[in-house]
Amino acid sequence: MTTQVAAIEVVTHPQVTQSSLTKSQLRRIYTMRQLRWSDNHAITVFVLPSQHELHQRFAKERLQIFPYQLNRIWHKLTYSGLGVAPTIVKSEQELIQAVTKTPGAIGYISEATLVLLRQSNNDSRSQEPLHMDEESKVSSQGVVNVVKIKD
């Protein structure tokens with residue numbers, strides 16, 4: 001498997017203005033220590049279930065932390081009353097929908113899913129009706145933003 005096929009993309013709601021994050025910022029967001037974007041909007045974190053292969057790879061490759069350590073951090077926050085754990089969704093499709101509908105949201109998907117998403121978005125644009133409601137305007141900017149992760 002090449003790294004291109006195995007790539008994991010970090011995605012945000014289209015209204016999030018940050019186009020890149022450092023690895024430490026990403027880790028702070030997913031360990032629930034950074035709760036706001038640079039423009040002071042609240043961050044809503046979405047994740048896949050702990051046993052999901054993509055979640056395990058995301059934790060190890062992108063956050064450089066074992067999934068069980070991430071779970072331990074989230075449980076400690078929740079049970080101590082000092083914070084909340086991320087919202088768990090069942091699939092990449094649900095994660096995309098949640099990120100799209102939640103201003104300030106962040107999540108992760110496989111590059112293959114991102115390619116399919118872009119293709120379906122381009123197909124739906126060519127069949128878009130003449131009248132647009134507010135949600136269509138957001139999706140016409142792109143369903144999600146892809147965030148670059150810097151060292």
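1. Two bridges join strand β3 (residues 44-47) to β4 in the parallel sense; pairing requires at least two DSSP bridges between the strands. Phe46 has Thr87 of β4 as its bridge partner. Helices (H or I, at least four residues) and strands (E, at least two) are DSSP runs, numbered from the N terminus.

2. The model is predicted: local features need pLDDT of at least 70, side-chain atom pairs count only at pLDDT 80 or more, and totals for chains, interfaces and linings use all residues. Residues are numbered from 1 along each chain as its sequence is written, and side-chain values use heavy atoms, with hydrogens and water left out.

3. The open sheet has six strands in the order β2-β6-β1-β5-β3-β4, with mixed pairing. Its edges are β2 (20-22) and β4 (87-88); each has a single partner strand, so one side of each lacks a neighbour in the sheet.

4. Helix α1 packs on the sheet and touches β1 (8-12), β2, β3, β5 (105-110) and β6 (145-150), contact being heavy atoms within 4.5 Å. The direction of α1 makes about 85° with that of β2 (angles run from 0 to 180 degrees between N-to-C directions, with axes fitted to C-alpha atoms, for helices over the stretch in contact). Helix α2 (residues 53-62) also packs on the sheet, touching β1, β3, β5 and β6, and its direction makes about 95° with that of β1.

5. In α1 (residues 23-30), Gln25, Leu26, Ile29 and Tyr30 are buried (under 20% relative accessible area, 1.4 Å probe, protein chains only). They fall within an arc of 130° seen down the helix axis, so they line one face of α1; the arc is taken from the directions from axis to C-beta atoms.

Notes. Buried < 20%, exposed > 50% of the residue type's maximum accessible area, 1.4 Å probe, protein only.
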